[in-house]
Amino acid sequence: MRQNLRSTWTRRGVLGALALAAGIVALPLLAGPSALAQQAAPLPGFDLARATEDKVIGDPKAPITIIEYASLTCSHCAHMHTDILPRIKAEFIDTGQAKLIFRDFPMDQVALTASMFSRCVAPERYFSMLSALFKSQKAWFAAKDPLAEVGKTARMAGLTPEQQEACLSNKQLETHILQTRLDGIKKYNISGTPTLILNDGAVVIDGAREEELINALVKLGAKRKAE
């Protein structure tokens, strides 16, 4: 189960969005903040290097690396994070056998905005923000104004409305997220979310497939907990 690329942004569309983010023309936000965002002051304390670094769950030295490409508006990604990941984390990540690197693969403008907000919160709150967005995804994505609902979650994570405007005006951050998406397409031929890349392509799993993921981890040397 996964969200397919063909039903949302095409590769050409992402290239266009990347060009927009680079400043060729303005990328419009769907129900986004006012035009004041274009003139917003820099986000206080914002560290672009930390915001754009790989976001890792687990021991960075763990022998097995799981790279997850996901979109915050993808229902299968929400299933992965709310139902599957807690069990994978308990058995394989918390035991030091594997680590998970989360990489943004926004499938639409709403997902891109949610990704930007997530990377603008304090780094230690990043995965809490992701968790909150995935757990409440059905409610906010179905809302009349989904970006306003995402903004409420961002406020709970510490971003004031002014900081949210500053975040969305940060073209370097926007470009990084879109480039990460394109890099995933080019390197791993990703066409939908979630996609899991184990040990740099030794195993590729399309979709939120728990049994397949567990089998792949065991094949790569991980040990299961004793029953």
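This is a predicted model: local features need pLDDT of at least 70, side-chain atom pairs count only at pLDDT 80 or more; totals for chains, interfaces and linings use all residues.
The side chain of serine 169 reaches the backbone oxygen of alanine 166, at 2.8 Å. Serine 169 sits in the loop between α8 and α9, the latter covering residues 171–188. Is serine 169 buried or exposed? Its relative accessibility is 18%, so serine 169 counts as buried. The cut-off for buried is under 20%.

A disulfide is a covalent bond between the sulfur atoms of two cysteines. The link between cysteine 120 and cysteine 167 is right-handed, with 90° about the S-S bond. Which parts of the chain does the pair join? They are distant ones: cysteine 120 belongs to helix α4 (residues 109–120) and cysteine 167 to helix α8 (residues 161–168), 47 residues apart. The count of disulfides in the model is one.

Both partners are covered. Cysteine 167 has a relative accessible area of 1%, so it is buried. Cysteine 120, at 8% relative accessibility, counts as buried too. Two further cysteines deserve a look. Cysteine 74 is buried, with a relative accessible area of 0%. Cysteine 77 also counts as buried, at 0% relative accessibility.

Follow cysteine 120 into its helix. α4 is mostly covered, with 12 of its 12 residues buried. Among them are Gln109, Thr113, Ser115, Arg119 and Cys120. Val110, Leu112, Met116 and Phe117 are also in the buried set. At the start of α4, a side-chain oxygen of aspartate 108 comes to within 3.2 Å of the backbone nitrogen of valine 110. The helix has 12 residues and reaches 17 Å from its first C-alpha to its last, close to the 16 Å expected at 1.5 Å a residue.

Helix α3 is next. It runs over residues 75–93 and spans only 23 Å between its end C-alpha atoms. How long would a straight helix of 19 residues be? It would span 27 Å at 1.5 Å a residue. Look at isoleucine 84 in α3: a kink of about 50° lies there, shortly before proline 86.

Isoleucine 84 is itself one of the buried residues of α3. Others in that set include Cys77, Met80, His81 and Leu85. Further along α3, Ile88, Glu91, Phe92 and Ile93 are buried as well.

Technical notes:
Residues are numbered from 1 along each chain as its sequence is written. Side-chain values use heavy atoms; hydrogens and water are left out. Helices (H or I, at least four residues) and strands (E, at least two) are DSSP runs, numbered from the N terminus. The expected span of a helix is 1.5 Å times one less than its number of residues. The bend at a residue is the angle between axes fitted to the seven residues ending there and the seven starting there. Buried means under 20% relative accessible area, exposed over 50%, partly exposed in between (1.4 Å probe, protein chains only). A disulfide is a pair of cysteine sulfur atoms within 2.5 Å. A polar contact is a pair of N or O atoms within 3.5 Å; within protein, one must be able to donate a hydrogen and the other to accept it, and residues adjacent in sequence count only if both atoms are side-chain atoms.
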